[in-house]
Amino acid sequence: MDTSASLAGSVSVTCLQGLVEYLEQVGVAPVELLRHVQLTPAILTQRDQRIAASAYLEMLAQGARLSGDPHLGLHLGEAVRPGYYGVLGYLLMSCATLADALHRQARYAALVGDLGRITLADEPPRAGLEPQVAHGWEPRLPQQRALLAEETLAGWVTFGRWITGLDIPPTEVRFQHPAPADIAEYQRIFRCPVRFGQNDNALVFPRRLLGTPLGQADAAVRALFDDYAERLLVRLRQGHSVLDRARERLAAQLTADGPDLERLAGDLALSPRTLQRRLREAGLSFSQLVDETRQQLVLHHLRDPNLDLTDIAFLVGFSEPGSLARAFRRWTGQTLGEYRRAPHSMP
């Protein structure tokens, strides 16, 4: 079984910078936010670095708590700027039309963060986000998913308005999570019907927008950024970061003798101290990496109807299904049965 998709999960520091900058403007000190995932402000100067997706989602949830803003995702999306997307932002700005920009956004989204799969549909025109549900490790997972979906869709609308110079609202916006008590902020930002409890997170928009020419279109610049983005994507898919390789090797350890820091470091040709430092730079401890990797694999395996709970417990290194059940409740706030009864597509 291919678990590479379920083990993916890192976010560019440029994305983290956008979160920290916005929260600082509303009174949340960067050091207070970063310490929740054992990061220091020095990470913000390392634009080529990536952190664990779970660390970013944890900071998103902590940011909502510290700021007292239940609509933090919407407000982050509303404040998005080209620099928050790094190379991808400047590539999108150079595209000829909105349709070109949408297709490049879908192709290169992982350069910003492995937080979900972007899907495009032609009839009706739609851009959607299928979250990778296996990134959080605490019961706040549903909140993290909602914040992520709201940040993403509000960010697409804001960025789309910025690069087209048009202020045309979507036809409708759909979210998978339940409706909050007050939807006034959704209506203010999207200015169209907003539906909750849907099968997807998506923007539906008028077909005429696809051919909209972009004001900063530049074929030479687009070709330059296309080439650079492609090379970055290849590096990312090859598991260039220590974090990605550590997850893959650790997944193999779980079914053997159990997780072991020194053995994992040896597999990666690192000293244990260096591995711990690299994990700390990504916002993780070794125990958190083990817990997160187990969760990702469990969520992946639960979508395979041919595996029973005893099989899954063995595959992720639990001694018996009861231990798996307790861990799953801690991770997601759901029982294993509740999760399996819910509709999920295979990764």
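Me: Which way do N201, A202, L203 and V204 point from strand β7, and are they buried or exposed?
Reply: N201 and L203 point one way from strand β7 (residues 201-204), while A202 and V204 point the other way. All are buried, where buried means under 20% relative accessible area and exposed over 50%, with partly exposed in between (1.4 Å probe, protein chains only). Strands are DSSP runs of E with at least two residues, and helices are runs of H or I with at least four, numbered from the N terminus.

Me: What kind of model is this?
Reply: This is a predicted model, in which local features need pLDDT of at least 70 and side-chain atom pairs count only at pLDDT 80 or more, whereas totals for chains, interfaces and linings use all residues. Residues are numbered from 1 along each chain as its sequence is written, and side-chain values use heavy atoms, leaving out hydrogens and water.

Me: In what sense do β5 and β7 pair?
Reply: Strand β5 (residues 172-174) and β7 pair in the antiparallel sense over three bridges; pairing requires at least two DSSP bridges. V173 stands opposite L203 in β7.

Me: New topic: where is L299?
Reply: L299 lies in helix α14 (residues 286-301). It is buried, with a relative accessible area of 2%. Its C-alpha atom is separated by 34 Å from that of A99, 200 residues apart along the chain.

Me: How many helices and strands are in the chain?
Reply: The chain has 17 helices and seven strands. Buried residues make up 55% of its 347 residues.
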